[in-house]
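Me: I would like to go through the terms used for this model and see what each one rests on. Please set the values against the cut-offs.

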Amino acid sequence: MAEKGNNVRRVSGKKKNKPKIRFNIWMMIIIFALSFAGCFILYMAAANLNEDFFDEEFVSVVEETTTAPAEENNDIQQEDNVTEPDEEDIPQNNVEIDNPVKSSSAVDISYLENCCLVTDSTMLGIKGKGLDDVIGNDALNASNVNTAKVESSYGTVTAYEILKLKKPMNVYIMLGSDIGVSEIDTMIAEVTKLVSGVKASVPGVSIYVMQIPPVHGDAEKNTLINEYNGRLLSMADSLMVHCLDTNTGFKGNDGNLNAEYVNISEEDGSVSISDKLYDDMTGYILTHTVS
């Protein structure tokens, strides 16, 4: 029998190398895409379960981004407010208020050069009859005095803006052409707003609120006028400004506007105000001042 050959295996002294792990970019992209899709699904699920989810998320972001500038602005404002205003910039209210203003010796007509009248169609006709500085137009009235625009040398702006820039020594206010159309509460509220604004913005100004005179031949409207005038007097007292009773002295025995102030057309019976009313109104202003 042939002898079996001895099979001798040679063992190499070198270790076998393990296969290297290769980086697969496509596998990473797939993992990232699946992760992103999973997060997005969870995010949308949370949003669907909570109706205010997006509001809460975005509001918190906005609050965080606006808090810092707001704090900086507050610091700046506090620094600006450190300096005290000059005495001449502080409105002086040392004059005693006793309304309605009582009759006094007439001041010189040059007094009107330092006066400014804010009015509507009630008293626009007084311009050029001693009192020239008149702010108003036919569209202006008590209820829209803070929004209606008036043409002036300062542009087409509100009465308040004109007074703030002009800074007159004496401001007279007669508004009320919308009596019977607008609510008296609204009229008083808007006139109050105007008076308060002027008093705060024009240092040392003297403000005279003028009651409106009666009308001709309308008892119902004159009743409303009386109520409105009473409210004007109360407002003037509360704001510590002067009030002129420019109603009683122009009223006839029947409660209507005195006949001497009325022109009635012979052609169509239309009623207009005579120049005598404007002349006497100017005279009333000159004899009812507070020094």
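Predicted model: local features only at pLDDT ≥ 70, side-chain atom pairs only at ≥ 80, totals over all residues.

Me: Why are α4 and α5 called roughly parallel?

Reply: The angle between α4 (residues 184-201) and α5 (residues 219-239) is about 30°. Angles under 35 degrees count as roughly parallel, and the two helices are therefore described that way. Their axes lie 10 Å apart, and the crossing of α4 past α5 is right-handed.

Me: What makes the contact between α4 and α5, and which classes of residue does it have?

Reply: On α4 the contributors include Ile-184, Met-187, Ile-188, Val-191 and Val-195. On α5 they include Leu-224, Tyr-228, Arg-231 and Leu-232. By class there are ten nonpolar, two polar and four charged residues.

Me: What makes up the largest nonpolar core, and which element gives the largest share?

Reply: Membership requires buried residues joined through side-chain atoms within 4.5 Å, and buried means under 20% relative accessible area. The largest such core has 60 residues, with Val-118, Tyr-172, Leu-175, Val-195 and Tyr-228 having the most contacts inside it. Helix α4 supplies the largest share, seven residues. Across the protein chain, buried residues make up 32% of the 291 residues.

Terms used: Residues numbered from 1 in each chain as written. Heavy atoms only, no water. Axes fitted to C-alpha atoms, helices over the stretch in contact; angles between N-to-C directions. Helix = DSSP H or I, 4+ residues; strand = E, 2+ residues; numbered from the N terminus. Parallel < 35°, antiparallel > 145°, perpendicular 65-115°, else oblique. Left-handed = near helix turned anticlockwise from the far one by under 90°. Contact = heavy atoms within 4.5 Å. Nonpolar A, V, L, I, M, F, W, Y, C, P; charged D, E, K, R; others polar. Buried < 20%, exposed > 50% of the residue type's maximum accessible area, 1.4 Å probe, protein only.
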